[in-house]
Amino acid sequence: MRKGTVHFKTGGVVLTLVMVFLFAAGAVGMEPTVDGPLKSGADLIVIDAMKGMGPLERPPVAFFHSRHTEALARINRDCSTCHLADEKGRLSPKFKRLVDTDRQAVTDTYHLNCIACHRELAGPDQRSGPQTCGGCHQENPAVASTWKDIAFSKSLHFRHVKANAEKCESCHHEYDKQAKKLVYAKGKEGACVYCHKDTPVDNAMVLKDASHFQCIGCHRDRMAKNQPSGPISCVGCHDADYQLGIEVLQEVPRLKRNQPDVVIVKTGEETKPVDERATAMYSVAFDHRSHEAYSESCKACHHASLQACSSCHTNAGKQEGDNIKLAQAMHQVSSPASCIGCHKAKQKAPQCAGCHTFIGGNPDRPGDQSCRACHLSPLPAHVNPANVQETAEVAMDLLQARNLETQTFPTDRIPEKVTIGRLSNQFEPAAFPHGKIVNTLIEKIRDSKLAGYYHSEKGTLCQGCHHNSPSAEKPPACSSCHGEAIEGADAFRPGLVGAYHQQCIGCHDAMGIEKPDARDCNGCHVEKSKGYDGSLRP
């Protein structure tokens, strides 16, 4: 746990408190808002307990939590001053109550306790909080929140696993509807967000309350036992500077959840007779273990539960998966939890974007090449699709046979320079450093297994520029498809000059290449000193 003085920043996003809710019902009169310097912090809370209990009558209240806890600590008071304990001794995240009852009761809880405490602590030499309506209820308070969500990364998770001696039941539980209580289900541990949402579902606590209830309660218990513990303040978890001080393990052991190393993602091929399997979309060999290393959380793929994807997304679709079929779930470009969606996001990296920015936006580009990269071959006739061990062995064989290095044609067959001069008029022909560009692209993706997997065929890399033509050692010239002008109404096939400039300038922009400047004509072209006929065409 990081120790030190709590620092409030002047930066952050100014909180536009346009929501109107009742902090204390029945109060009359408003003092004018007091102008002053911007107050900010990661502990800024909007107390909206009355929001769901009827019309809101007063402007919002900005509450800085850490300033209150520090003030109480100076007089030897702790969290229990404001937060009540349940039957197990855990403090409720609510103020002076365990549950919300009715409007008047909650109103009185805030009014009576807050004002009483402020009056008690006020004195000639002691600053205290406001005791009038306008002191809390301000129309436009000059406040800013520097709160930052904390990611429960694999490193942080493992540190908790180790601290709790691998007792997963310390945090993980599920609700037993018959026994009407929380129980630990070994082997069924999942992310908190699977049950605890942003809004109440099936009487489960919202995520904010559940995490504070569980995490802060555990941290306080460990502190009471003089054991190493995490923070109990807002700033300790949600301040950006404090988060930078959280230890990050360089090597994190693999999570133990009985997950497979490799698995066959079935496509329906297995339901067909053996002699018809070759006519179906082949099943996919999926390296589960390596994908675990690429993500900070299982939620990256398992967005609703840690069950197999096919438990909700079937080939026909079913209600549990919102009738999204397995093929849709795996290929949905807009979803970061799908295979294609995740891979598309990776293609936005500068070292990939130069080629993929244009490939992804062209509707004429054939797509069967990428299908074959995953759907490698039919299940062998001797394999029982229902046998997990047999299908896992097939998956392992298929993956091990796959080349994971980017391949291209022999260097001596790749032109070192290409002269582009068919349309030269105002400028001399451009000397294109073809070999240098090929080598640079290979070097930038050399350490990427994802790139290696999908560029393992010779010529695949070349198609970043030589698109919409078969992969070949000597692809057709650009002028084979691009004429001197746009042909007809084909907006996706620019003229030759437009094609060159779109491809080159677009690649430079996407990859962040600053030299040569893509918009400096003289960076690529030498202007002719004479013989220019006044045409604007280069």
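**Helix packing, cores and backbone features of the predicted chain**

In the predicted model, helix H11 passes helix H16 in a right-handed crossing, a crossing being called right-handed if the near helix is turned clockwise from the far one by less than a right angle, and left-handed if anticlockwise. Helices (H or I, at least four residues) and strands (E, at least two) are DSSP runs, numbered from the N terminus. Because this is a predicted model, local features need pLDDT of at least 70 and side-chain atom pairs count only at pLDDT 80 or more, whereas totals for chains, interfaces and linings use all residues. Residues are numbered from 1 along each chain as its sequence is written, and side-chain values use heavy atoms, with hydrogens and water left out.

Two packed helices are described by the angle between their axes and the distance between the axes. For H11, which covers residues 350–359, and H16, the angle is about 145° and the axes are 7 Å apart; here the axes are lines fitted to C-alpha atoms, for helices over the stretch in contact, and angles run from 0 to 180 degrees between N-to-C directions. On the H11 side, Pro350, Gln351, Ala353, Gly354, Thr357 and Phe358 meet Gln502, Gln503, Gly506, Cys507, Ala510 and Met511 of H16, where contact means heavy atoms within 4.5 Å. By class, this contact has 6 nonpolar, 6 polar and no charged residues, with Ala, Val, Leu, Ile, Met, Phe, Trp, Tyr, Cys and Pro counted as nonpolar, Asp, Glu, Lys and Arg as charged, and the others, Gly among them, as polar.

Gln351, a residue of helix H11, counts as partly exposed because its relative accessibility is 34%; buried means under 20% relative accessible area, exposed over 50%, and partly exposed in between (1.4 Å probe, protein chains only). When its neighbours within four places in sequence are left aside, Gln351 is in contact with Lys444, Ile445 and Met511. The C-alpha atoms of Gln351 and Ile442 are separated by 9.6 Å, although the two residues are 91 residues apart along the chain.

The largest nonpolar core has 10 residues, namely Phe409, Ile414, Val438, Leu441, Ile442, Ile445, Ala451, Leu461, Cys507 and Met511; such a core is a set of buried Ala, Val, Leu, Ile, Met, Phe, Trp, Tyr and Cys residues joined through side-chain atoms within 4.5 Å. Helix H14 (434–444) and helix H16 (496–511) each supply at least two residues of this core, and H14 gives the most, with 3 residues. Leu461, with its neighbours within four places in sequence left aside, is in contact with Thr406, Val438, Leu441, Ile442, Ile445 and His455. Apart from this core lies another, of 9 residues, among them Val262, Ala285, Leu379 and Leu399.

Several backbone features were found in loops. A cis peptide bond, with omega about -5°, joins Lys515 and Pro516, and Pro516 lies in the loop between H16 and helix H17 (521–524). Asn258 has a positive phi of about 60° although it is not a glycine; Asn258 belongs to the loop between helix H7 (240–244) and strand S8 (262–265) and is exposed, with a relative accessible area of 77%. Asn468 also has a positive phi, near 60°, but is partly exposed, at 33% relative accessible area, in the loop between helix H15 (449–454) and H16.

Over the chain there are 17 helices and 11 strands, and 28% of the 538 residues count as buried.
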